[in-house]
Amino acid sequence: MASTSTDGELFRPAKRVAGQKQDVWSIINEAATASPVQPIINMGQGFFGYNPPKFITDAAKEALDKVDCNQYSPTKGRPRLKKAIAKAYSPLFGRNVDPDTEVTITTGANEGMLSAFMGFIEPGDEVIIFEPFFDQYVSNIEMPGGVIRYVPLQPPKNGGSEVSSAADWTIDMSLLEAAINPKTKMIVINTPHNPVGKIFSKSELQSIGDICVKHNILIISDEVYDRLPYTPFTRIATLSPAIAARTLTVGSAGKNFYCTGWRIGWLIGPAQLIHYVAAAHTRICFTSVSPLQEAAAVGFERADEMGFWEQSRKEMQGKVERFCAVFEELGLPYSKPEGGYFVLANFARVNLPPDYNFPAQVADRPRDFKLAWFLIMELGVAAIPPTEFYTRENMWMAEDWLRFAVCKEDSVLEGAKERLRGLKAYMK
């Protein structure tokens, strides 16, 4: 007879999903629903506020009329998309990428990373990630039994009093070295970085790569914002043959083409690594959505001729500058991103009313959760508290910051700016 849990549930859930605190996304959505200020201007989650370019949506519609595009694709991805990715990335990697053996298509970058962890991590293996981190990394590593070692990016020394650069969030290489032991199997880097917007410098990547070669560590380089760099961007897999031989590079059509709901991602790397990622992917979801793979292929095939990459980069950088003007106006420090579409702003100067009634799920969280709740309830603007992307020991580094996503229509950015001006009544 099946055992029951002691808290009255009929079936005991697995430890990997049980006992988790309410996540930031549900808290923010709950606040947005309850706010008296409607409609909420959602600057929190990183989904786009506009459609992909027409040549890509047209390709998706056309694919639905093709018989083969409505059936299973090969588990490693549609040949047309793999060839398009290999052709697009070969010059960026400085070598010919083999579409058959060195590219595999996944159901979004997130599932691609899960496949990489499932393909290489055994229970007890250790994985190093940098704080702040994309929250899905944690569950993806723990699912196959991995143990996480955290290395914090050091925040700007004067980030609470003056505008800084995302480059000022630095890596203490001695802390990275100290996190390594015989159980260390893998390290994850994210450049351009979410939520900081940092592009890891060539020297930082060289140091990380050299450490990984020295200790025989695999590298996952999450480069989903690779088409949105505002400063020089280096790919760690290009630094040396020894580093390339241990690097899996992650990409995302959702981030590249403004279609986060399509869930089309990929990994590029040596054939002997890609083989096991694809094997895990086969057992997780077998294949990815056929017509949207076809449309993503057209996106890569036509992006250069349409001038899409440069247009996309310029437009997003313009949105960053447009939105950050309100922080300049308010005298609130922020961290200028070097890439991507997230902005971190420092709210240390904002005074929260001491008697403000925060709900229990927010009252016991760091100050940034209270700031985020207050912004939604009083001003109708949603932002994300970045301590969600830290371990408890290092949450203090981010408790005065909030993350804003600027991948919205300009009219939405202007609306958010107008509402944020209401902070003047609460500032020191």
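The model is a predicted one. The largest nonpolar core has 111 residues, and two peptide bonds to look out for are the cis ones at Glu131 to Pro132 and at Asn194 to Pro195.

- Helix 15 spans residues 410–420, and its buried residues are Leu413, Ala416, Lys417 and Leu420.
- Looking along the axis of helix 15, these buried residues fall within an arc of 100 degrees, so they line one face of the helix.
- The axes of helix 12 and helix 15 come within 10 Å and cross at roughly 10 degrees. With angles under 35 degrees counting as roughly parallel, helix 12 and helix 15 are therefore roughly parallel to each other.
- On the helix 12 side, the contact involves Lys319, Arg322, Phe323, Ala325, Val326, Phe327 and Leu330; on the helix 15 side, Asp410, Leu413, Glu414, Ala416, Lys417 and Leu420 take part.
- Sorted by class, this contact between helix 12 and helix 15 has eight nonpolar and five charged residues, and no polar ones.

**Helix 1**

- In helix 1 (residues 24–34), Val24, Ile27, Ile28, Ala31 and Ala32 are buried.
- Viewed down the axis of helix 1, the buried residues fall within an arc of 135 degrees, so they too line one face of their helix.
- Among the elements covering the buried residues of helix 1 are helix 13 (360–363), helix 14 and strand 12.

**Nonpolar cores**

- Within the largest nonpolar core, the residues that touch the most other members are Phe300, Phe327, Phe347, Phe404 and Leu423.
- Setting aside residues up to four places away in sequence, Leu423 touches Leu330, Leu332, Phe347, Val350, Leu375 and Leu379.
- Another core, of 28 residues, lies apart from the largest one; Cys212, Leu344, Met397 and Ala398 are among its members.

**Around the loop between strand 3 and helix 5**

- Pro132 sits in the loop between strand 3 and helix 5, and the cis bond from Glu131 to Pro132 has omega near -5 degrees.
- Phe134 belongs to the loop between strand 3 (126–131) and helix 5 (136–142), and with 27% relative accessibility Phe134 counts as partly exposed.
- Beyond its neighbours within four places in sequence, Phe134 is in contact with Asn110 and Asn194.
- Asn140 lies in helix 5 and is buried, at 6% relative accessible area.
- Again leaving out neighbours within four places in sequence, Asn140 is in contact with Asn110, Met113, Leu114 and Phe117.

**Other backbone features worth a look**

- The cis peptide bond between Asn194 and Pro195 has an omega of about 15 degrees, and Pro195 is in the loop between strand 6 (184–190) and helix 7 (202–215).
- Asn216 is not a glycine, yet has a positive phi of about 55 degrees. Asn216 lies in the loop between helix 7 and strand 7 (218–222) and is exposed, with 60% relative accessible area.
- Phe286, also not a glycine, has a positive phi of about 70 degrees. Phe286 is found in the loop between helix 10 (271–284) and helix 11 (290–303), and at 37% relative accessibility it counts as partly exposed.

Notes:
Residues are numbered from 1 along each chain as its sequence is written. This is a predicted model: local features need pLDDT of at least 70, side-chain atom pairs count only at pLDDT 80 or more; totals for chains, interfaces and linings use all residues. Side-chain values use heavy atoms; hydrogens and water are left out. Buried means under 20% relative accessible area, exposed over 50%, partly exposed in between (1.4 Å probe, protein chains only). Helices (H or I, at least four residues) and strands (E, at least two) are DSSP runs, numbered from the N terminus. The arc is that of the directions from the helix axis to the C-beta atoms. A nonpolar core is a set of buried Ala, Val, Leu, Ile, Met, Phe, Trp, Tyr and Cys residues joined through side-chain atoms within 4.5 Å. Contact means heavy atoms within 4.5 Å. Axes are lines fitted to C-alpha atoms, for helices over the stretch in contact, and angles run from 0 to 180 degrees between N-to-C directions. Angles under 35 degrees count as roughly parallel, over 145 as roughly antiparallel, 65 to 115 as roughly perpendicular and the rest as oblique. Ala, Val, Leu, Ile, Met, Phe, Trp, Tyr, Cys and Pro count as nonpolar, Asp, Glu, Lys and Arg as charged, and the others, Gly among them, as polar.
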